[in-house]
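Reader: I am new to protein structures, and I would like to learn how the labels are decided. Could we go through some together?

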Protein chains: 2
Amino acid sequence: MNKKLIPEIIVTRLPVYLRCLQRMLQEGKSVTSSQELGERVGISAAQIRKDLSQFGEFGKQGRGYQIEFLRKQIEEILHIDHEWEIAVVGAGDIGSAVAQYRGFIDRGFKVKMIFDNKPEKINQQIGVFYIQDSANMKEAIREADIKVAMICVPAEAAQEVANQLVAAGVKAILNYAPINISVPKSVRVQYIDPSIHLQNMTYYLE
Amino acid sequence: MNKKLIPEIIVTRLPVYLRCLQRMLQEGKSVTSSQELGERVGISAAQIRKDLSQFGEFGKQGRGYQIEFLRKQIEEILHIDHEWEIAVVGAGDIGSAVAQYRGFIDRGFKVKMIFDNKPEKINQQIGVFYIQDSANMKEAIREADIKVAMICVPAEAAQEVANQLVAAGVKAILNYAPINISVPKSVRVQYIDPSIHLQNMTYYLE
């Protein structure tokens, strides 16, 4: 399957479908329909059928989808049929919350290590982790062959951290620092900045 | 200005431009160009000029943009020329981190109150806040005329919280619970779910 052929907008919807399917399984359901899925995620049934058809045949006309089967298929497509280890950089409020976030369980991710550069934080415990010195970050990440990282440092430090992560072999960065970072084309970046999300909404408020 | 005429994709870029302009001001800069802005946010100069032209004339051909002026204009467009008060629902790890998040300063938002329904949390202090009983949430939010809220409760509680927020008059919800919620068309919802962001990236990894 040529990845270039699948529009990115479709890829962004797959994790939303997957999250809903996982919830349905938790609720004890085993079969669903594009109508039901659509109502729960706020996307039309036609769009869902069209999106899924890009990747194969997952249901039979009129019989709906076997949830467990569809879940496994989407997990394979998203490459989370195995667990990705994550390095967290920055052990402030956000980094600490992220390192202990229970929402990664069953979603394909596991925080493996957390770094900070402040002497008073190094070797302190957060949940099950001991905060490591970010001076050793590049080596530790490379040695553990970690490909996914989260940046939770202040804006002014984010680019330098990103440079080190890239040098360590990281290929996907989730950046919580409120600043755009530059990385090579072979590395993916996504951003979480609550102020940006809020401003997207206040535009529409009086 | 008819809001319907501005494509939503353009609106989503304005906060990113604004964040960069604020950083430039912090760096002591007073003038920028669409080229420079574009390099820093990873968007083409032509796209930036086109986006901004939707809202008016903000710079002179060949002279660039006065950063402070452009910042104020974008803040007005996004309705953050005044501060929005926020109610946070859920005082777990995420809610506590969000309530104390320093990244709202100068970005148009201020957390005003935080709620939880667990007896052992009510009246506990988080930063400058005392956690309030969510039984009083609807009334407290309505009385304070708060229009913006963040949901930081477990997935299974999110819809009920959303219903109460809507009933209290909230018009914009940032939902950290990993589930889609239904609200009337007059209410905006945005989502923050790090697993979704990560899955969007692992799709492209081997």
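Reader: Why is Asp145(A) called exposed rather than buried?

Author: Happy to start there, and please keep in mind that this model is predicted. Asp145(A) has a relative accessible area of 52%. Exposed means over 50%, so Asp145(A) is called exposed.

Reader: Where does Asp145(A) lie in chain A?

Author: Asp145(A) sits in the loop between helix H6 (137–144) and strand E9 (148–151) of chain A.

Reader: What is phi of Asp145(A), a residue other than glycine?

Author: Its phi is near 55°, which is a positive value. Most residues other than glycine have a negative phi.

Reader: Which label does Asp106(A) get, exposed or buried?

Author: The relative accessible area of Asp106(A) is 60%. With the cut-off for exposed at over 50%, Asp106(A) is therefore exposed. Asp106(A) also has a positive phi, about 70°, although it is not a glycine. Its place is in the loop between helix H5 (93–99) and E5 of chain A.

Reader: What makes Glu27(A) and Arg40(A) a salt bridge?

Author: Look at the closest N and O atoms of the pair, which are 2.8 Å apart. The rule asks for a side-chain nitrogen of Lys or Arg within 4 Å of a carboxyl oxygen of Asp or Glu, so Glu27(A) and Arg40(A) form a salt bridge. The pair links distant parts of the chain, 13 residues apart. Glu27(A) is in the loop between helix H1 (8–26) and strand E1 (31–32), and Arg40(A) is in helix H2 (residues 34–41).

Reader: Why is Glu27(A) called partly exposed?

Author: Glu27(A) has a relative accessible area of 44%. Buried means under 20% and exposed over 50%, with partly exposed in between, so Glu27(A) is partly exposed. The value for Arg40(A) is 27%, and Arg40(A) is therefore partly exposed.

Reader: How do you know that Glu85(A) forms a salt bridge with Lys112(A)?

Author: Their closest N and O atoms are 3.6 Å apart. Because the limit is 4 Å, the pair counts as a salt bridge. Glu85(A) belongs to strand E4 (residues 84–89) and Lys112(A) to strand E5 (residues 109–116), 27 residues apart. Glu85(A) has 30% relative accessibility and counts as partly exposed. Lys112(A), at 44%, counts as partly exposed.

Reader: What makes Arg13(B) and Asp51(B) a salt bridge?

Author: The closest N and O atoms of Arg13(B) and Asp51(B) are 2.6 Å apart. That is within 4 Å, so the two form a salt bridge. Arg13(B) lies in helix H1 (residues 8–26) of chain B and Asp51(B) in helix H3 (residues 45–53), so the pair ties together parts that are 38 residues apart in sequence.

Reader: Why is Arg13(B) called buried?

Author: Its relative accessible area is 16%. Buried means under 20%, so Arg13(B) is buried. Asp51(B) has 1% relative accessibility and therefore counts as buried.

Reader: Which residues are linked in a network of salt bridges?

Author: Glu68(A), Arg71(A), Lys72(A) and Glu75(A) are linked in such a network. Over all chains, the structure holds 26 salt bridges.

Reader: How many salt bridges does the rule find across the interface of chain A and chain B?

Author: The rule finds six there. Glu156(A) forms a salt bridge with Arg23(B), with the closest N and O atoms 3.6 Å apart. The contact takes 61 residues from chain A and 61 residues from chain B. About 6000 Å² is buried between the two chains, and carbon and sulfur atoms give 61% of that area.

Reader: Why is Gln159(A) called partly exposed?

Author: Gln159(A) has a relative accessible area of 26%. Gln159(A) is part of helix H7 (residues 155–167) of chain A. Beyond its neighbours within four places in sequence, Gln159(A) is in contact with Asn180(A), Ile181(A) and Ser182(A).

Reader: How many helices and strands are there in chain A?

Author: Chain A has eight helices and 11 strands. Of its 206 residues, 51% count as buried.

Notes. Residues numbered from 1 in each chain as written. Chains lettered and ligands numbered in written order. Predicted model: local features only at pLDDT ≥ 70, side-chain atom pairs only at ≥ 80, totals over all residues. Heavy atoms only, no water. Helix = DSSP H or I, 4+ residues; strand = E, 2+ residues; numbered from the N terminus. Buried < 20%, exposed > 50% of the residue type's maximum accessible area, 1.4 Å probe, protein only. Contact = heavy atoms within 4.5 Å. Buried area = accessible area lost by both parts, 1.4 Å probe.
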